[in-house]
Amino acid sequence: MNLVINYLKVLLGVFGICFFLQADNCLSPIRILPQHLLLDNPQSAYLLYPLVKQGNPDAMSALTKLAIDSG
C-alpha cells in the first residue's frame, strides 16, 4: 500500500512538472507581440507569422501594419 502511495506521488510530481513546462510556451502572444514591437524592423515579421497562422487578431494587425509601412 505504501508503494502505491509513493508511486502516485511521483506520478503527480511528474505531471505537475510537465504542466508547468508546457505552460511556458515561447510562442504565446504575450511574449511575441512585445518582442515584435521592440525590434521594429522587417525581420520581426518572422515572429508574427506563426501567430497569424493561428488566427491571432493582434498579430494580424501588427503584420498588416508592418506590410503597409514597408511598402
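Where is the place of N56? N56 sits in the loop between α3 (45-54) and α4. This is a predicted model, in which local features need pLDDT of at least 70 and side-chain atom pairs count only at pLDDT 80 or more, while totals for chains, interfaces and linings use all residues. Residues are numbered from 1 along each chain as its sequence is written, and side-chain values use heavy atoms, with hydrogens and water left out.

**View 1. The whole chain, element by element.** From the N terminus on, the order is α-α-α-α, which makes 4 helices and 0 strands (DSSP runs numbered from the N terminus: H or I of at least four residues for helices, E of at least two for strands). Of the 71 residues, 14% count as buried (under 20% relative accessible area; exposed is over 50%, partly exposed in between, with a 1.4 Å probe and protein chains only).

**View 2. Confidence along the chain.** The mean pLDDT (the predictor's confidence in each residue, from 0 to 100) is 76, and 69% of the residues reach 70 or more.

**View 3. N56 at the start of α4.** N56 is buried, with a relative accessible area of 14%. One of its side-chain oxygens comes to within 2.9 Å of the backbone nitrogen of D58. The N56 side chain also reaches the backbone nitrogen of A59, at 3.0 Å.

**View 4. The two faces of α4.** Look here for A59, A62 and L66, which are buried in α4. Seen down the axis of α4, the buried residues fall within an arc of 65° (taken from the directions from the helix axis to the C-beta atoms), so they line one face of the helix. On the face turned away from that buried side you'll find the exposed residues P57, K65 and I68.

**View 5. α4 from end to end.** Helix α4 (residues 57-70) has 14 residues and should span 20 Å at 1.5 Å a residue; its end C-alpha atoms are 20 Å apart, which agrees (the expected span is 1.5 Å times one less than the number of residues). Just after α4, G71 takes a positive phi of about 90°.

How values were computed
A polar contact is a pair of N or O atoms within 3.5 Å; within protein, one must be able to donate a hydrogen and the other to accept it, and residues adjacent in sequence count only if both atoms are side-chain atoms.
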